[in-house]
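This report looks at charged side-chain pairs and at backbone angles in one protein model. The sequence and structure come first, and the details follow.

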Amino acid sequence: MAQVTRRDFLRTSLAGTLLAGTGGVTAWAQKKSATDWVTLGNSGVKVTRLAFGTGTFSGRVQRELGQDEFTRLVRYAYDHGIRFFETAEGYRGMPQMLATALKGIPRDSYRLMTKFGASANTDTQAKIDGFRRDLNSEYIDILLMHCLRSPQWPDQTKAVQDGLSEAKSKKIILAHGASVHGLQGLSAFPGNKWLDVALMRMNHAGVRMDTPDMGDTDALGDVDQVVSQAKKIHAQGTGVLGMKLVGEGQFTKPEQREAAMNFVMKLGAVDAVTIGYKSTAEIDEAMERMGRALNG
């Protein structure tokens with residue numbers, strides 16, 4: 001029998017009292033939170049609205065915590081309802097550290113997303129087999145081609161897309177898609193029916209967001225263009241994930257982070273977001289800010 005905590009008891013009791021007094025329609029019942037399970041577009045994959053990212057400065061911030069502290073942080077997030085964890089091949093050592101941190105937790109209780117650089121010569125099946133080993137998982141919920149920049153990426157990665165589609169048909173992965181860096185790569189996302197999930201850089205100030213250049217620069221991104229494209233992508237049934245909500249650590253003032261969360265969550269075109277953390281306080285803050293943005 002599952003153990004019922006005092007917090008669970010109080011929450012259930014209060015909810016029952018409110019429901020009884022209002023005929024079942026209450027502000028309590030309608031309240032949204034960071035730990036709600038949401039479906040990513042038409043993919044059928046459900047994730048918590050807030051994810052645990054492991055790629056701050058390509059994973060350096062999380063890596064430098066060391067395994068024990070990183071595991072403590074992952075378990076804290078999990079225990080507080082964040083059940084969506086994302087990493088990438090390019091975040092050196094982080095997939096393996098994440099697998100260690102999640103060891104022993106029922107696999108069906110959380111979702112995993114990872115990403116990899118794709119080229120015409122990529123052996124997609126070998127990549128997937130390697131990711132399954134690194135993450136200690138028989139399947140991967142979401143697998144993305146990482147950091148696409150060229151507007152010709154749909155043609156350039158056709159063989160990889162076919163390999164991912166085959167893996168999806170075998171349920172080795174449950175959804176596929178891509179992350180984008182740059183307006184040129186983003187231009188090929190709207191209208192693309194292969195994309196189950198799109199991971200996009202998104203905040204109110206354009207910091208570390210997409211520019212016309214194919215490489216990353218310190219120039220501010222075009223917020224209006226990114227938002228316009230995000231709305232088109234979301235409308236076509238692609239699940240949209242937001243990243244860079246804190247400007248890759250550049251939003252050092254609380255009001256900047258509050259503004260970014262409010263901006264993204266009120267767009268109506270972003271299903272879930274991923275944020276990298278280095279402390280439990282940052283996890284608490286992100287959850288609280290998302291709650292305010294969703295219900296404000």
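Asn136 is found in the loop between helix H6 (124-135) and strand S6 (140-148); helices (H or I, at least four residues) and strands (E, at least two) are DSSP runs, numbered from the N terminus. Asn136 is not a glycine, yet its phi is positive, about 55 degrees. With a relative accessibility of 55%, Asn136 counts as exposed; here buried means under 20% relative accessible area, exposed over 50%, and partly exposed in between (1.4 Å probe, protein chains only).

The model is predicted, so local features need pLDDT of at least 70 and side-chain atom pairs count only at pLDDT 80 or more, while totals for chains, interfaces and linings use all residues. Residues are numbered from 1 along each chain as its sequence is written, and side-chain values use heavy atoms, with hydrogens and water left out.

Ser58 also has a positive phi, near 60 degrees, and is a residue other than glycine. Ser58 sits in the loop between strand S3 (50-53) and helix H3 (60-63). Its relative accessibility of 44% makes Ser58 partly exposed.

The charged pairs come next. Side chains of opposite charge can pair when their charged atoms come close. A salt bridge is defined as a side-chain nitrogen of Lys or Arg within 4 Å of a carboxyl oxygen of Asp or Glu. A search of the whole structure finds 19 salt bridges. The table gives some of them.

| Pair | Closest N to O distance |
|---|---|
| Lys115 and Glu86 | 2.4 Å |
| Asp196 and Lys168 | 2.9 Å |

Lys115 forms a salt bridge with Glu86. Lys115 lies in strand S5 (residues 111-116) and Glu86 in strand S4 (residues 84-86), so this pair ties together parts that are 29 residues apart in sequence. Both Lys115 and Glu86 are buried.

Asp196 forms a salt bridge with Lys168. Because Asp196 lies in the loop between helix H9 (183-186) and strand S8 (197-201) and Lys168 in helix H8 (residues 158-169), the pair ties together parts that are 28 residues apart in sequence. Asp196 is buried, with a relative accessible area of 11%, whereas Lys168 is partly exposed at 30% relative accessibility.
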